[in-house]
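Here is a short briefing on an annotated site and the residues around it. Please look at the sequence and structure first.

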Amino acid sequence: MSTLITAFVRGHRRTGSDVQFIERTRQDAQQSMGKELQKLILTAPTSQQDLARTELAGFEQLFGRYLQETGPSVLWDKIKLLPEGGAKPYNDLARPETAKVKDLLDKLVVLKLNGGLGTSMGCKGPKSTISVRNELTFLDLTVQQIEHLNRTHGTDVPLVLMNSFNTDEDTLKVLQRYGKLQLQIHTFNQSRYPRINRESLLPIGNSFTSDNTESWYPPGHGDVYQSLVNSGLLKQFLDSGKKYVFISNIDNLGATVDLNILNFLMEQEQPPEFVMEVTDKTRADVKGGTLVEYEGKLRLLEIAQVPKEHVDEFKSVSKFKIFNTNNLWISLDAIKRVTDDQSLHMEIIVNPKTLDNGVNVIQLETAVGAAIKSFEGAMGINVPRRRFLPVKTTSDLLIVMSNLYSLHTGALQMNPKRSFPQGPLVKLGSHFSKVKDYLSRFSSIPDMLELDHLTVSGDVTFGKNVSLKGTVIIIANHGDRIDIPAGALLENKIVSGNLRILDH
């Protein structure tokens, strides 16, 4: 994983002196890191030193694991397909009686992962502040959903946002506009960890208060467990009688509170401590993490853990048939237990980056779903595709802005006139990758109700009231431009560089 470890060719037998050398260099790296972290803590203002000490202790523990853990995190031959009943069909869940709903919701906390920026879509600030539908942002839609839930059922489900140091300030400004709504909103920050110089294995920053954000990074959403504890919110929610937290990505517009799942959790004699919503894999999802059985426990298997020779097998829709939506229902008591006794374990994701100044760094991260193996009675629920509607790109944005969906109290619902439940596969080229450019290329969003597949590449614009049906491929060659005229109907068509329209 690090230069200390990969210098040895896997499979070669190490002599006793080799092993001793590696052990000494590991210890040296750990001690050097410890000294540098102490220096960083002392640069923090006195009022922030306890926080700095807590966060950097978590980092130091992760770094120690990084140095110790060699070889693959899973052995392929030990992986077993999910056993019968490992993922319960959603349709087997009962709807709760109306009289029970308030009592169920009184036990729930909703937590949205809000640490990401909108930079990949060409936007400044938190991704949650990008407009996705009717001028409403991800955050607006989330707030609308929970507020509607509370008003409808006379309950008080709190909304919690886990921000990062990248999104916290801007998010807090936006939250001021929701002050008059019937909704408690809590925020806390995930940890801020130092980026590591890949050669020296030491932090690249030299001050905890440094405005140089390149020296720091948020360590993935696996940090949610310990950061929730550190914020004091976990204790507050347990003291007020809350039982479960529903965690999801704020950019998954399908991740609404589901009463059937909540009812299932509360009805069990031995309630599962951890439920992962999974859904059927399609060709668009082949890289998504899947649930497997490993050494008698459920485990999330990510593509980064798969040996190269088995990647095609992992991507197979016929073998690994489901993938993780990152909609998770977790017992608050269980989170307290696994953080108190330090039994929480998530695989380390090593994320190498090259900074603008040419320095090679690594970030050590973890993923929230990987903790599934640390909880008792963990299981999957195989949910309908409508519960997984992420917006990662402008291609996704086009789908959710179109007439494929309608908006009801913050929740998107598939248009009943769509003849099959899955959305189309949409691939917009680099001319559309930034939101501003994407919006400028559509005079109005096309009718996509009967669309199966859309690929657009090159300099292409769309006039008003265009209809797209079946498979449509539009490719403007370099130097060419294609303007789809207003009112055009493209059904099973290929449109090429000189605007010839061919049947597909």
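Predicted model: local features only at pLDDT ≥ 70, side-chain atom pairs only at ≥ 80, totals over all residues.

An unreviewed UniProt entry places the feature "binding site" at Lys127, Gln190, Gly220, Asp251 and Lys392. Lys127 touches both Asp251 and Lys392.

**Lys127**
- Lys127 sits in the loop between β3 (108-114) and β4 (131-133).
- Its relative accessibility is 10%, so Lys127 counts as buried, the cut-off being under 20%.
- Beyond four places in sequence, Lys127 touches Gly116, Leu117, Gly118, Met121, Phe138, Asp251, Val391 and Lys392.

**Lys392**
- Lys392 lies in the loop between β18 (379-382) and α12 (394-401).
- Lys392 counts as partly exposed because its relative accessibility is 40%, and that class runs between the 20% and 50% limits.
- The side chains of Lys392 and Asp251 are joined by a polar contact of 2.9 Å.
- Leaving out residues up to four places away in sequence, Lys392 touches Ser120, Met121, Lys127, Asn249 and Asp251.

**Phe138**
- Phe138 belongs to helix α5 (residues 138-153).
- With 1% relative accessibility, Phe138 counts as buried.
- Apart from neighbours within four places in sequence, Phe138 contacts residues including Lys127, Asp251 and Val391. Ile130, Val132, Ile250 and Leu253 are also among them.
- Phe138 and Val391 are 253 residues apart along the chain, with their C-alpha atoms separated by 9.5 Å.

- Asp251 is touched by Lys127, by Lys392 and by Phe138.
- Val391 is in contact with Lys127 and with Phe138.
- Met121 is touched by Lys127 and by Lys392.

Notes:
Residues numbered from 1 in each chain as written. Heavy atoms only, no water. UniProt positions renumbered as here; feature names shortened; annotations may be inferred. Helix = DSSP H or I, 4+ residues; strand = E, 2+ residues; numbered from the N terminus. Buried < 20%, exposed > 50% of the residue type's maximum accessible area, 1.4 Å probe, protein only. Contact = heavy atoms within 4.5 Å. Polar contact = N/O pair within 3.5 Å; in protein donor to acceptor, adjacent residues only side chain to side chain.
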